[in-house]
Amino acid sequence: MALDEEQSSAAHEMHRAIDWLLNCTDLAGVDPGTLEALAAGALHFSLPAGHLLFEAGSDPDGVYLLASGRLGIKTPTRTGLIAEIEGGELVGEAGWLLGTPRSATVIALRDSELLLVPNAELDRIAARSTQFSLALARLCARRLRHSNAFGYKPKRAHIFAIVPNSIEVDAADFAARLVDELGKSGRTELVWDARATTHTSTWFNQIEQLNDYVVYVANWVASGWTRQCCRQADVILMAAPAQGRIDPWPAGIAEAAAARGARVELALLHVGKIQPGAAAPWLKSLAVTQHHHIAEPADYGRLARLLMRRGVGLVLSGGGARGFAHLGLIRALREAHVPLDFLGGASIGSIIAAGVAMGWSDTEMQQRYRRSFVDTNPVNDYTLPLLALTRGKKVSRLLEREYGDARIEDLRLPYFCVSANLTTGRLYEHRTGSVAHALRASVAIPGVMPPVFQEDGVLVDGAAINNLPVDVMQGHTPGFVIGCDVGADRTFGERRVNIFQVLMHAGMVNSTASERAQRELADVLLKPPLPNIDLLNWQAFDRAIQAGYDYARMALDELPAIPRLIAPALPAPRANLAALELERKIAASMAVR
């Protein structure tokens, strides 16, 4: 390179560094001369996503300015991230100010560009500029106050990477449909290899800054582009044909995601309808935080909402016969076009929620539950009370009749139910396995029905520990959580009570202490009034449904914040999709030649 070219390049780098420092809000008030001195002594470098900037316990080497990208902060005492650093922010100031080892680990969440101002330069500039020293001291104090006052909340996911498992996956069509759905909530950009491989991290950062959502389409083989996509994403979405061969995924994806806190999820693409048993072998092939079944157009909308953390999770409590009010609530939510994207429950709530996750209509649910609870008493197979007053076999038969061989991981909608593990004394979450078996554990009221024995422990009614598992739903971060509490009144409605009523009430006492906390965790809590409907009053079926429906209709009128399915706010980026389709046709024609 000629001398004049070297000088021109150095001048260009100097101007970029000065611009980054001028745009740094953490240095607001520092005079331009000091910022020029900082730029002159700074070192410019790139850091790929997933790589460490520095580790807790290491000696401080200076203060960093993040020019573009994103960084995550971890501490040795807590799991996961505690904070994030955005472009234009400083990091590492505390180590220099205090002269102590780093207290946290900082990792790149995106491909990032940074400036490092070494300790010697910082000492020299601080000696002549009190503005600079005060700016860093104030920054350190602000961060300390913020960490003490507020817990870290992960930012809404807005960068997604689609990684097809094989050539069998029509990644272009899948990406196009997903982008259409994301485009209903904000500006969305689609990026694929032919368009982006020649660009730098600055270009990727600009794409992310200009859009609400970005979807990267990776290759189905391990490649530089696939690794690039996965480095950029908040969520890595592995797409696979449900009935396809279980081929290994490109190596290193899950490990890279775990290192920087990205989610890895699975989308199983079905032809026509969900194939029973399809999910289990795929879930064994890769550790994922969530999986989604894609069998019809509406599934893309739910997938987009859950990826964006704008889905609706519905949690239904236990409450015996009072739980039929959940059926009225669900009918009202459906009529109001509230999407039900994730279901969960305890005891009778787990049974009703499973019906929604199965894809049953309001009419089908009422017919099935009337047949199982009203036309026959599910808890009258009495026995010598060695373990319980009933054998529990009648309930098992009824559950097996209604749910058959269905498995939780194959349900149309994401679903969980909870039981209480007497062996560990903790709540047990059912996310895989037989639906009927999980429900039998979730409704095993201590003393009324025998517990369920399995390798993980002895399981009884989930209401014994947590009758409204909103915290479990929040752990899956669907976005907006509705809780419906139909738990028993704290006093008996009748003067004369029997042993069944005593045991059912007693089985819910332990969850009373956590009830308030669960209510506060819900974005909306619905509690329909159910006067004179006892836990065992199965004949109140129609009355409970109507009470739940009437209450929910009224509540929905007063709660406009509950998400509804609405028309697209913005047009989908058709030009981008057309470009991708053109790319596919060109690639296909070249392959034929």
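Biologist: Which residues does alanine 240 touch, not counting residues up to four places away in sequence?

Modeller: First, a word on the source: this is a predicted model, where local features need pLDDT of at least 70, side-chain atom pairs count only at pLDDT 80 or more, and totals for chains, interfaces and linings use all residues. Residues are numbered from 1 along each chain as its sequence is written, and side-chain values use heavy atoms, with hydrogens and water left out. A contact means heavy atoms within 4.5 Å. With that rule, alanine 240 touches Asn165, Val169, Trp249, Leu266, Ala267, Leu268, Leu269 and Trp282.

Biologist: Is alanine 240 buried or exposed?

Modeller: Buried means under 20% relative accessible area, exposed over 50%, and partly exposed in between, using a 1.4 Å probe and protein chains only. Alanine 240 sits in strand β12, residues 235-241; strands (E, at least two residues) and helices (H or I, at least four) are DSSP runs, numbered from the N terminus. Its relative accessibility is 0%, so alanine 240 counts as buried.

Biologist: Which residues have the most contacts inside the largest nonpolar core?

Modeller: A nonpolar core is a set of buried Ala, Val, Leu, Ile, Met, Phe, Trp, Tyr and Cys residues joined through side-chain atoms within 4.5 Å. In soluble globular proteins, nonpolar side chains tend to be buried together. The largest core here has 59 residues, and those with the most contacts inside it are Tyr369 and Tyr415.

Biologist: How many residues are in the other core, apart from that one?

Modeller: This core includes Cys230, Val264, Ala278 and Trp282. Cysteine 230 counts as buried because its relative accessibility is 6%. The size of this other core is 30 residues.

Biologist: How many disulfides does a search of the whole structure find?

Modeller: A disulfide is a pair of cysteine sulfur atoms within 2.5 Å. Take cysteine 230: the closest cysteine sulfur, in cysteine 229, is 6.5 Å away, so this is too far for a bond. For the whole structure, the number of disulfides found is zero.

Biologist: With which residue does the side chain of arginine 368 make a polar contact?

Modeller: Arginine 368 lies in helix α15, residues 362-374, and is buried because its relative accessible area is 18%. A polar contact is a pair of N or O atoms within 3.5 Å; within protein, one must be able to donate a hydrogen and the other to accept it, and residues adjacent in sequence count only if both atoms are side-chain atoms. At 2.9 Å, the partner is the side chain of glutamate 402.

Biologist: What is the phi of asparagine 532 near?

Modeller: Most residues other than glycine have a negative phi. Asparagine 532 has a positive one, and is found in the loop between β22 (524-526) and α21 (541-558). With a relative accessible area of 68%, asparagine 532 is exposed. Its phi is near 65°.

Biologist: How many contacts beyond four places in sequence does the model have for residues 589-593?

Modeller: pLDDT is the predictor's confidence in each residue, from 0 to 100. The chain averages a pLDDT of 84, and 83% of the residues score at least 70. Over residues 589-593, though, pLDDT stays under 50.
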